[in-house]
Amino acid sequence: MNYKELIKYIDKEDFLNHKVNLHIHSTYSDGKAEFKDLENQALLNKKYKLFSITDHNTIQGYIDNPDTIAIPGVEFDVWYKYIFLHLLAYGIDINNTQMQQFYSKDKRGTEMDIVRFFAKRNIKDLINAIHDAGGIAVLAHPCCCWALNLEEFIKDLVELGLDGIEVYYPYPRWRKYIKFSCPEDIEKIADKYNLIKTGGTDCHELNL
């Protein structure tokens with residue numbers, strides 16, 4: 001399936017009305033709910049048209065649940081220059097060997113903030129591997145990036161191969177207080193650089 005085209009043409013209202021959720025965490029990383037339980041909740045009464053479970057630095061949930069209808073997704077911890085960011089990968093081949101070097105080797109690398117913060121992934125190599133695995137690379141919750149000039153930061157990422165930005169996002173927990181830009185600015189930047197716009201709740205709880 002061409003996930004890039006599928007995600008590219010998701011209607012904005014589907015994100016805003018919570019019909020699509022492309023940012024969910026399970027117990028395979030730091031979420032509270034089991035992968036299968038999240039899928040069952042997503043399917044209950046057709047809650048979501050589309051959804052993705054995007055655990056930190058691991059694809060193990062998809063390997064253990066090969067029959068899932070969730071869009072394959074991962075959220076990687078990575079640095080670019082002086083900025084720590086989260087890079088979402090969607091639609092990757094979960095059996096792609098090039099991607100193996102970027103996954104965490106143990107549970108600490110999927111759920112412990114201090115371990116994840118010191119990740120040593122090369123972002124250019126990571127984006128190239130995501131593309132080679134048939135996926136797209138999307139900047140997660142961009143308003144939380146500690147960039148002095150967010151547009152210049154995103155422009156640099158576009159030059160490295162960035163495909164999209166997470167635009168439709170509720171900024172829960174501490175993120176609602178710590179923001180370095182506003183969501184309206186992000187949407188304008190996405191339009192300017194012709195980036196795919198995605199969205200999700202970044203759910204870590206038992207219930208979607």
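1. In this predicted model, D191 is partly exposed, with a relative accessibility of 48%, and K197, at 21%, also counts as partly exposed. The side chains of these two residues, K197 and D191, form a salt bridge with an N to O distance of 2.6 Å. Through salt bridges that share partners, K12, E187, D191 and K197 are joined into one network.

2. Because K12 belongs to helix α2 (residues 12-16) and E187 to helix α9 (residues 183-192), the pair ties together parts of the chain that are 175 residues apart in sequence. K12 is partly exposed at a relative accessible area of 36%, whereas E187, at 18%, counts as buried.

3. A further salt bridge is formed by the side chains of D156 and K81, at 3.3 Å from N to O. This pair also links distant parts of the chain, since D156 sits in helix α8 (residues 150-160) and K81 in the loop between β3 (73-80) and β4, 75 residues apart. D156 is buried, with a relative accessible area of 19%, while K81 is exposed at 60%. The count of salt bridges in the model comes to nine.

4. The largest nonpolar core holds 61 residues, of which L85, L87, I92, M99, F153 and I154 touch the most other members. Strand β4 (residues 83-90) contributes the largest share of this core, six residues. Apart from neighbours within four places in sequence, F153 is in contact with Y80, I83, L85, L139, C145 and A147.

Note on methods. Residues are numbered from 1 along each chain as its sequence is written. This is a predicted model: local features need pLDDT of at least 70, side-chain atom pairs count only at pLDDT 80 or more; totals for chains, interfaces and linings use all residues. Side-chain values use heavy atoms; hydrogens and water are left out. A nonpolar core is a set of buried Ala, Val, Leu, Ile, Met, Phe, Trp, Tyr and Cys residues joined through side-chain atoms within 4.5 Å. Buried means under 20% relative accessible area, exposed over 50%, partly exposed in between (1.4 Å probe, protein chains only). Helices (H or I, at least four residues) and strands (E, at least two) are DSSP runs, numbered from the N terminus. Contact means heavy atoms within 4.5 Å. A salt bridge is a side-chain nitrogen of Lys or Arg within 4 Å of a carboxyl oxygen of Asp or Glu.
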